[in-house]
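Open your viewer, and let's take a walk through this model together. Have your selection tool ready.

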Amino acid sequence: MNIPQNYLPVMPYLILNEAKAFLNFAKTVFDAKEQLIVPGENEIIQHGELKIDDAVIMFAQAGETWSEKTAGMYIYVKNVNSVYQKALENGAVSLMPPEKKEYGYSGGFEDPFGNHWWIVEG
C-alpha cells in the first residue's frame, strides 16, 4: 500500500454547509492546523484538510453537486474539560457532560455544523 506521508489509511471527509466556519471552529476548539486549503469559486473551500495531532480530517463546502454529509467522531484529547468548554463557547450543544466512564473520562457535543464529537482524555 502506498499512502502519502501526510495521510492515514482512513480519514473522515465532511461535506458542510459552512466549511469556512467549520475551519475556524476546529482551529479554536481542537487547535487544529491547516494542512491544505483549496479555494473554489466565490471564496468557498473546495477542499480542506485539517490536522489534529496525527489525525487528518478532510472537508469541503456543500453545493449543488454534493449535499451536506456530517459525521460522528471519537477523538482523544489532552483535556476533556477544556475542549468541551471551548466547544460550548463556540456554539456547540452538549450531548453528554464530561464524566468518568468505564473507558475513561469522556464527554460529547454536537458542533454548529451537525457533527458529533465524542472526546476522551488520552
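**Stop one: the second largest pocket**

Select Pro12, Ala55, Ile57, Tyr74 and Ile75: of the 13 residues that line the second largest pocket, these lie nearest its centre. A pocket here is found on a 1 Å grid over the protein atoms alone, as an open set of points where a 1.4 Å probe fits, with protein on both sides within 12 Å along at least five of seven lines; lining residues have an atom within 4 Å of a point. This is a predicted model, in which local features need pLDDT of at least 70, side-chain atom pairs count only at pLDDT 80 or more, and totals for chains, interfaces and linings use all residues. Residues are numbered from 1 along each chain as its sequence is written, and side-chain values use heavy atoms, without hydrogens and water.

The elements β4 and β5 give two or more residues each to this second lining, and β5 gives the most, with four. Helices (H or I, at least four residues) and strands (E, at least two) are DSSP runs, numbered from the N terminus. Which classes of residue line the second largest pocket? The lining has 13 nonpolar, no polar and no charged residues; Ala, Val, Leu, Ile, Met, Phe, Trp, Tyr, Cys and Pro count as nonpolar, Asp, Glu, Lys and Arg as charged, and the others, Gly among them, as polar.

**Stop two: the sheet with β4**

Now colour the open sheet of four strands in the order β1-β4-β3-β2, whose pairing is mixed. Two strands pair if DSSP finds at least two bridges between them. At the edges are β1 (13–16) and β2 (33–39), each pairing on one side only. Select β4 (residues 55–61) to see the four bridges that join it to β1 in parallel; Ile15 has Ala60 in β4 as its bridge partner.

**Stop three: the sheet with β5**

Another open sheet has four strands in the order β5-β8-β7-β6, also with mixed pairing. Its edge strands are β5 (72–77) and β6 (93–101). Select β7 (residues 104–110) and β8 (residues 116–121), an antiparallel pair with five bridges. Gly108 stands opposite Trp118 in β8.

**Last stop: the largest pocket**

Finish with Phe30, Asp31, Asp53, Lys78 and Val83, which lie nearest the centre of the largest pocket, among its 14 lining residues. Helix α2 gives the most to this lining, with three residues. By class, the lining has six nonpolar, two polar and six charged residues.
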